[in-house]
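Q: Can you walk me through this model? I'd like to start with how the parts touch and then get the overall picture.

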Amino acid sequence: MKIHLSLLSIRLRYLFKYFTPKEHKLPRVTFLVILSGFLVGGYYLFLRIFNYLQTVEIIGPAIMARTIEMILFVFFIMLLFSNVISSFSTFYNNQELHFLFSLPVLPTAIYLVKFIENAIYASWATLALVIPLIIAYGVSNKAVFIFYPVTFFAFLIFLTIPASISSIIIFIFVRLFPRLKPRNIIFIAICFIFLLILLYIKIGNPELLRILETENERELLMFAANLTTVGGIYVPSTWLGNIFKNFVSPDFYGLIYLLLIILTSLSLIMLSYIIAEAIYHKSFLLVAEQGGKEEKRRSPLMKFQKNPFYTFLWKDIILFVREPVQWVQLAIFIVLLIVYIFSLRRTPIYFGFSLWRVIVSFANFAYVSFVIATLGVRFIFPAISLERKGIWFVHSSPFGLHRMIMTKYIFYTTFCVIMIECLLLMANIFIKTEPIIFSFSLVVGLITAIALVSINLGLGCIFPQFNEDNPSKIASGSGGIISALVSIAYIGLTIIIFSGPVHNFLVHHYFKRQINLNFIIISFILYGILSFAGIYLPLRFGIRAMEMRDY
Amino acid sequence: MHTLNINNLSKQFDGVWAVKNLSLKLNKGEIFVLLGPNGAGKTTTLKLIAGLLHPDTGEISLNGIDLKKEPIKYKSLIGYVPDEPFIYNKLTGREFINFVAGIFGVRKDLYEKRCDELVKRFEIGSWIDEPAETYSHGMKQKIIMCQLLIHEPELILIDEPLVGLDPKMGKIVRETFREQAERGKTLLISTHTLSFAQQIGDRVGLMNKGELRFVGTIEELARVAGKTDIEEIYLKLTEGI
């Protein structure tokens, strides 16, 4: 036990340093102010939604309960995926493990330390979202004081469930397929979870997949309120949702659900512990042996590349393709986006009115922009940090830091522009948007993609973490949070600026009111200033920060 | 003729001098070895010359090209190997060498000729086409040596070149460095391996607490210390300063 605690204390100290890195000299106060701003903003947003739902007669509370369940169900699925992706590198593909396994400690001690580390890394961003959700829900429902610590505690326990399930899946898959490469194991595990979820929803809760054919808003709300549960009664997120509901004024059922979630968590932790005891060390050795049996690789860099720009570009592409943590997450993102775009096609009933089409098109633009911002934080922000110690080579070579940053900028901009334009194009075709709004969203989408790449790459230069090799961990650090907030602020301001002209267009088009040209011109000037700031400043400051830095 | 000119170079970290008022001139075809205890400022000096650190004061020029004024031109003439050699783990050794050649703009015909020559010289086997994450430290060092020489730099900066190499490879590296010097290249090497310094150095520099305390040949160093054995010379001088 003493060994467990000393290993754990070393990891916790490391984690503390990770969340408050000295490397980029970001003052802790600044970080805390930004995080507090995010928490307060999230709280007010949730509070507004919940307060609105309180005003909806009869079905309001039911809708609120379903909304909470929906959010928690989405969190649960996302946590499963993020835990699976990070658990392979935490349990198997980690330099530190060779040192730990050489110590006179039991593999289960290493397992427990790595389990906690994995759960924290994969879940802490979710925790930052749930804190304002709990407080807003409690305030809106005038909950008693005990509601807050109990729901927070229940959520912490809830986080261990996907962490345990993921570690069990990874251990079993590595043991079953010891000759498979890490990328294939992660891919199979992800597909397995995806199929499991789909099968569960299809059998256990089929109404979740049903599309309601109605134009009536109240009928739609009744449908949502009458869904028995969002995830189904066997899913921990539903139990957690019930803890939220039943601890507003604590009752017996709340306690039952709390016990249920604690017992499930303990059982799964025990099960994963037993599995780890039986197979972790053996499977770790198998994976370590596999490391030396890589097949010969073919790539464009096997041949001589004349142009330094293409040389660097190929290097980046090859490293991305060969890193499963990277491309598996990108593949999931793209699949989810395709599902989303095609789901727009499946709900044609709302798009009979052209007014709806404009509104949905505008909302779709906002959604797609947020998705690109998320992709930016996850993939573009860590791009500079992932050069790791190779940065000495780039900086001491004639290629230089400036060209390195611009090469990455061109590559990511091309990728994001293609992605955002394809998504907007497909969505607008499915929605049958008005031509003027269609073209408008494509142009603004183009500028948004360019700005989001600049923000994430620029801030990645300002807050690099050259000692970290896991891109997910880089993205979830303090610099990543700042990058996410700046990206969201940029998109938010874009939407605020254009909501006026779009509204103006709608009332002109459908109610034949006069168009306010001055207002539209001012909006475009403001957008021009915002985009100039979004595109130019982060890159400028990012390049400067990299060049001023000592390596 | 002086190739490398360092004038009054200084660098502080948190108020502590890592390098203080360092002035040094290296000749074309010279091998200069920097000696000194841990924390003497050797690595900082190499990093300053490689352009990886910003000096607080001082100028560095190579063949008359100032690092501050023309950094790209300057850097196209140097090759630097840090104390912890780095290769992108997911690239193969060959891909990494190709990558370096591409970044330095080496001509295709020269690249092919040099690459074959270096692979033979450093006795690199078929593992060159396996990913670097499977390499031992010594294998990585061999790839690092190849990438260093593939673009034929005018100034070679190496921090601890012998770490991880077996005696046979150590000999090959020593011979390679000597050949490079004979072809007019300048080498600045930082090391703790005193016998290596004695065997290869045309001149040595003894650093301590950021200052260059002695510059001269091994014989001159022995005269100053009043000893003949390199280890005794080193211990006497580093204790004395």
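Domains and overall build of chain B

A: Nine residues of domain 1 of chain B are in contact with eight residues of domain 2 of chain B. Keep in mind that this is a predicted model.

Q: Which helix gives the most to the domain 1 side of that contact?
A: Helix α6 of chain B, residues 167–182, with four residues on the side of domain 1 that touches domain 2.

Q: And how do the residues on that side divide into nonpolar, polar and charged?
A: On the side of domain 1 of chain B that touches domain 2, five are nonpolar, three are polar and one is charged.

Q: Back up a bit. Where are the two domains of chain B?
A: Domain 1 of chain B takes in 2–77 and 155–240, and domain 2 is 88–152.

Q: What separates their centres?
A: Taken over C-alpha atoms, the centres of domain 1 and domain 2 of chain B are 25 Å apart.

Q: New topic. How many helices and strands in chain B?
A: Nine helices and ten strands.

Q: What radius of gyration does chain B have, and what would a compact globule have?
A: Chain B has 18 Å, which agrees with a compact globule, because one with 241 residues would have a radius of gyration near 18 Å.

Q: What box do the C-alpha atoms fill?
A: Along the principal axes, the C-alpha atoms of chain B fill a box of roughly 50 × 40 × 35 Å.

Q: How many of the residues count as buried?
A: In chain B, 47% of the 241 residues count as buried.

Q: Last one: what about contacts between residues 24 or more positions apart?
A: Of the contacts in chain B with a separation of 6 or more, such residues account for 70%.

How values were computed
Residues numbered from 1 in each chain as written. Chains lettered and ligands numbered in written order. Predicted model: local features only at pLDDT ≥ 70, side-chain atom pairs only at ≥ 80, totals over all residues. Domains from an automatic or database assignment. Contact = placed C-beta atoms within 7 Å. Helix = DSSP H or I, 4+ residues; strand = E, 2+ residues; numbered from the N terminus. Nonpolar A, V, L, I, M, F, W, Y, C, P; charged D, E, K, R; others polar. Rg over C-alpha atoms; globule rule 2.2 N^0.38 Å. Buried ≥ 20, exposed ≤ 12 C-beta atoms within 10 Å, placed from the backbone.
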